[in-house]
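Subject: A structure for you to look at

Hi,

Here's the structure I said I'd pass on. Have a look at it first, then read my notes below.

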Amino acid sequence: MFADDGYERASMDRIADLAEVSKPMLYAYFGSKEGLYVAYIERNGHELVQRLVSADRSDASQTVRLRVLIDEFLGFVEERRDGWTVLFHEVNASRPLVELVTQLRGQLAAEIAGMLEAGTSSWAGLDAPASDGVAHAIVGAGESLANWWLEHPAVPRDQVAEWFVGLARAAIASAGPRAGQAA
């Protein structure tokens, strides 16, 4: 309902019908429509972060590691289209919801920054603040690209992944080598 109708137009009566529970039961569990919405955002946001954290962190090349993370991210978007839409496409309801999504973006960026700082056996990684800035750029590009992809479903996921890997690699390369590392 939230993904299809948006927060304002989503009806608690209809949500209760779809969930096959009474409307008072929804209010007993969530307190309000905003409480239900926050719970939905938290559940989907937690799943997205967990999928990225659980993705393969082997000592593979930077490109392979990026591809694994990007495949996991796009898999979430593809499999949980409604969840993604609510997380990043429909967050105009109220300040607490915007703050929740901002916090999620920060968690995603922190995970990526950690990967960028750790480097690999063949790449020394990035120093802060470059790792943090590049991580935020990658999160922003990914969010925008995912929203575009949802509007262009005929574009194959592999193609979108290749574009995103290229964007991420360019952002990483633009930050330069770790301090003391030869260019």
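Below is what I found, going from the whole chain down to one residue.

First, keep in mind that this is a predicted model. The chain has 9 helices and 0 strands, so in sequence order the pattern reads α-α-α-α-α-α-α-α-α. Of the 183 residues in the chain, 42% are buried. If you take the contacts between residues at least 6 apart in sequence, 66% of them join residues at least 24 apart.

For α1 and α4, the axes come within 11 Å and cross at roughly 140°. Angles over 145 degrees would count as roughly antiparallel, so α1 and α4 are oblique to each other. Their crossing is left-handed.

Which residues meet there? F2, Y7 and E8 on the α1 side meet K33, E34, L36 and Y37 on the α4 side. Sorted by type, the residues of this contact are 4 nonpolar, no polar and 3 charged.

Finally, stay in helix α4 and look for N44. Is N44 buried or exposed? Its relative accessible area is 0%, and buried means under 20%, so N44 is buried. The N44 side chain makes a polar contact with the side chain of R80, at 2.7 Å. Apart from neighbours within four places in sequence, N44 is in contact with F76, R80, G83 and L87.

Cheers

Key: Residues are numbered from 1 along each chain as its sequence is written. This is a predicted model: local features need pLDDT of at least 70, side-chain atom pairs count only at pLDDT 80 or more; totals for chains, interfaces and linings use all residues. Side-chain values use heavy atoms; hydrogens and water are left out. Axes are lines fitted to C-alpha atoms, for helices over the stretch in contact, and angles run from 0 to 180 degrees between N-to-C directions. Helices (H or I, at least four residues) and strands (E, at least two) are DSSP runs, numbered from the N terminus. Angles under 35 degrees count as roughly parallel, over 145 as roughly antiparallel, 65 to 115 as roughly perpendicular and the rest as oblique. A crossing is left-handed if the near helix is turned anticlockwise from the far one by less than a right angle, and right-handed if clockwise. Contact means heavy atoms within 4.5 Å. Ala, Val, Leu, Ile, Met, Phe, Trp, Tyr, Cys and Pro count as nonpolar, Asp, Glu, Lys and Arg as charged, and the others, Gly among them, as polar. Buried means under 20% relative accessible area, exposed over 50%, partly exposed in between (1.4 Å probe, protein chains only). A polar contact is a pair of N or O atoms within 3.5 Å; within protein, one must be able to donate a hydrogen and the other to accept it, and residues adjacent in sequence count only if both atoms are side-chain atoms.
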